[in-house]
Structures are given as structure tokens and as C-alpha cells.
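I wanted to look up how side chains meet in this model. These are my notes, in the order I made them.

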Amino acid sequence: IVEIMKNVIIAFMLMFSVLSFAQDKSTKKFQFGIAYSLTNDDNIYKNPISFYVNYQLKQWGKLDINTGLKSYYFSSKNSTNFSNKLGFNPNVSASYYFLQDKMNTYFGLGYYFDNTTFKPTPTGLFTSPNQSIKTSGFTIAPGLKYFVHPNIFVDTNLTIILAKTKYELGSFESNNNTFFNICAGVAF
């Protein structure tokens, strides 16, 4: 899957850099990125791969206000009992450009949610039914983005998820997590 993701990243960056080469910062309203998390506090799922899109709502000089959607793909370490899952994170962020508009620092706030299925291991005559597990909570995401080309950037960010997990049987537990993400993307 890592090799496929590398090919997708390269094709994605080439396509958008060719389409949007001549634009300056003030006309770049969209940013698309793909990231891999180097950290993950979850014992059930591997480090996630995430995709995001941001749209610039307003710009005041070097300050931008953006809205976006980030999606996470989690592969299960134990696929016998847990399904893979998709997590979603709609968010709002503010960014400030410096170094001749080549770098920006940003801070985002959002809401995170996902859903997965637990499949119990068959034991004896009776097997418990599959159980839905839902996680939801708030996210805080400070980061730093550097434009290596007017339309291509690299990004590092820390995403902190303050969440609760609800099991179908009614129990709750805290499910906070922290991701340190490395990202590549395009702006146009």
C-alpha cells in the first residue's frame, strides 16, 4: 500500500503543478494534500494515511482563514476482529505567511468522527454479534507549511484528537490520540 501511495502522491503533485503553474499566492484558493502519520497512540490500528482539502474563505494581507475536510484511513493491526476504518475531520484554520510567502504557520480547530466494527472471535455454540464502535471529539492542529514551488508544498503538523469512543452496548471510554503528520500537497 505504501508503494501505491507514493505513486498516487507523485501523480497528484505533477497533475496539479502543471495545471496551476502561473498563479500567485493571492489567487490560490484550494490546497490538496496527502499525509502519513509518524505517531499513533492506538493499539488496534496502524499509523493512518490522511487526505485533505482546504478552501481559503478570506485573506487579510498575510493572514488567511480557511475551511477544510481531512479524512483518515486506518488499517487494522488485527483484521480478524476489527474492520479498517475511515475517520473524518471537518475543520477551520487560520494561517500566517512569512519568508516572502514561502512559509506559513497555521492553527486549526475541528470535529473528528469515525465508525468501525468489532467482530468477536467465535467461541463454542454461541457467538456474540458484531458490534459498532463510534469515536467522536474535537481536534486541535498546529502546523508549518513550506512552499518548495509556488504550487507545491510540504507540511508538518501535530493533530491532537480529544475524543470519546462509544460502544454499541452503551459503554464509553476516552480515546485521545496524537498524530505527527508529514504531508505533501498542491495549491491552486
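I counted a charge as sitting over a ring if NZ of Lys or CZ of Arg is within 6 Å of the ring centre and within 35 degrees of the ring normal. By that rule I found lysine 145 over the face of phenylalanine 153, at 4.8 Å from the ring centre. Lysine 145 also lies over the face of tyrosine 106, at 5.1 Å from the ring centre.

The model is predicted, and I took local features at pLDDT of at least 70, side-chain atom pairs at pLDDT 80 or more, and totals for chains, interfaces and linings from all residues. I numbered residues from 1 along each chain as its sequence is written, and side-chain values use heavy atoms, with hydrogens and water left out.

Next I looked up salt bridges (a side-chain nitrogen of Lys or Arg within 4 Å of a carboxyl oxygen of Asp or Glu). I got 2 of these salt bridges. One joins lysine 85 and aspartate 114, at 3.0 Å from N to O. Lysine 85 is in strand β4 and aspartate 114 in strand β5, so the pair ties parts 29 residues apart in sequence. I took strands as DSSP runs of E, at least two residues, numbered from the N terminus.

Are these two residues buried or exposed? Buried means under 20% relative accessible area, exposed over 50%, and partly exposed in between (1.4 Å probe, protein chains only). Lysine 85 is buried at 7%, and aspartate 114 is buried at 6%.

I noted the other bridge between lysine 62 and aspartate 101, at 3.2 Å from N to O. Lysine 62 is partly exposed at 35%, and aspartate 101 is partly exposed at 29%.

Methods
Helices (H or I, at least four residues) and strands (E, at least two) are DSSP runs, numbered from the N terminus.
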